Amino acid sequence: MTSWFSLSESDDRTFETAASRFTHVIDVPAPRERVWEALAADDAIVAWSPLVTGISWLTPRPFAVGTSRIVTLGHGAVALRERFYRWDEGERMTFTVDAASRPGFEYFAEDLKLEDAGNATKLTWTFASTPVSVLRPAAVVGGPALRLATRSIAHGIAGHLRKQTATSGKETIR
């Protein structure tokens, strides 16, 4: 049985005040609808990130504000219980992490925004977190590694959709 450590609830202010904020802007060579489908798929993130090893949607479809899921990283190293407080179908989703299977964070949230960009989609993926006070000095040292990890997660969707298109024979994605 997983022990859960509660985090403070995040909101949009978290993206301005968090100790660590990483924003990755990616031009995904696919229509916005396909990008959204991938982000809301049963295997979202697991399909394109080796760091994310499990996902379990706890809320039935159709998803909306209040949707929750559990995301597992590192083959069970840590699990996050996430709750979406923004769900603008096809455009934007934002969640707060309500609890983690390991202590360490005071706040953690992610915001994903999709915009049409010609034949592609501009995905702006922002990660925001604040560790508990005793871990803040370590977070400064670990910041570059966290930036690389979040970059890997965010950028992985473009390669995933390229591969998915190549194997399905759908329209060509460059």
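Colleague: Where is the place of P62?

Modeller: P62 is in the loop between β3 (52–57) and β4. Strands here are DSSP runs of E, at least two residues long, and helices are runs of H or I, at least four, all numbered from the N terminus. Before we go on: this is a predicted model, where local features need pLDDT of at least 70 and side-chain atom pairs 80 or more, while totals for chains, interfaces and linings use all residues. Numbering starts from 1 along each chain as its sequence is written, and side-chain values use heavy atoms, with hydrogens and water left out.

Colleague: Fine. What about the peptide bond from R61 to P62?

Modeller: That bond is cis. Its omega is near 0 degrees.

Colleague: Is I45 buried or exposed?

Modeller: Buried, with a relative accessible area of 7%. The cut-offs: buried is under 20%, exposed over 50%, partly exposed in between, with a 1.4 Å probe and protein chains only.

Colleague: And H75, what is its phi?

Modeller: Near 50 degrees, again a positive value in a residue other than glycine. H75 is in the loop between β4 and β5. At 73% relative accessibility, H75 counts as exposed. G76 lies in that loop between β4 and β5 too, and is partly exposed at 40%.

Colleague: How far apart are G76 and A149?

Modeller: In space, 16 Å, C-alpha to C-alpha. In sequence, 73 residues.

Colleague: Back to the strands. How do β4 and β5 pair?

Modeller: Antiparallel, over six bridges. Pairing takes at least two DSSP bridges between the strands. The two form a hairpin with four residues between them. G74 in that turn has a positive phi of about 60 degrees.

Colleague: How many bridges join β5 to β6?

Modeller: Eight, and these strands run antiparallel. β6 covers residues 92–100. This hairpin has three residues between the strands. There G90 takes a positive phi near 80 degrees.

Colleague: What does the charged end of R81 sit over?

Modeller: The ring of W4, 4.7 Å from its centre. The test is NZ of Lys or CZ of Arg within 6 Å of the ring centre and within 35 degrees of the ring normal.

Colleague: On to aromatics. How many aromatic pairs does the structure hold?

Modeller: Nine. The rings of F105 and F108 have centres 5.3 Å apart and planes at 80 degrees, so that pair is edge-to-face. Rings of Phe, Tyr and Trp (its six-membered ring) pair with centres within 6.5 Å; planes under 30 degrees apart are stacked, over 60 edge-to-face, the rest tilted.

Colleague: Buried or exposed, those two?

Modeller: F105 is partly exposed, at 31%. F108 counts as buried, at 10%. W125 and F127 make a stacked pair, 5.5 Å centre to centre with 5 degrees between the planes. Both W125 and F127 are buried.

Colleague: Which residues do ring pairs link into a cluster?

Modeller: W36, W57, F63, F84, W87 and F95. W36 is also one of the buried residues of α2.

Colleague: How many residues of α2 are buried?

Modeller: Six of the eight in this helix (residues 32–39), so it is largely enclosed by the rest of the structure. Among them are R32 and R34.

Colleague: Last topic. How much space lies in the largest pocket?

Modeller: About 310 Å³. Of its 19 lining residues, L73, L80, F108, L146 and I153 are the closest to the centre. On a 1 Å grid over the protein atoms alone, a pocket is an open set of points where a 1.4 Å probe fits, with protein on both sides within 12 Å along at least five of seven lines; lining residues have an atom within 4 Å of a point. Points join across faces, edges and corners, and volume is the space filled by probe spheres set on them.

Colleague: Which element gives the most to that lining?

Modeller: α3, with four residues. β4, β5, β7 and β8 are among the elements that each supply at least two.
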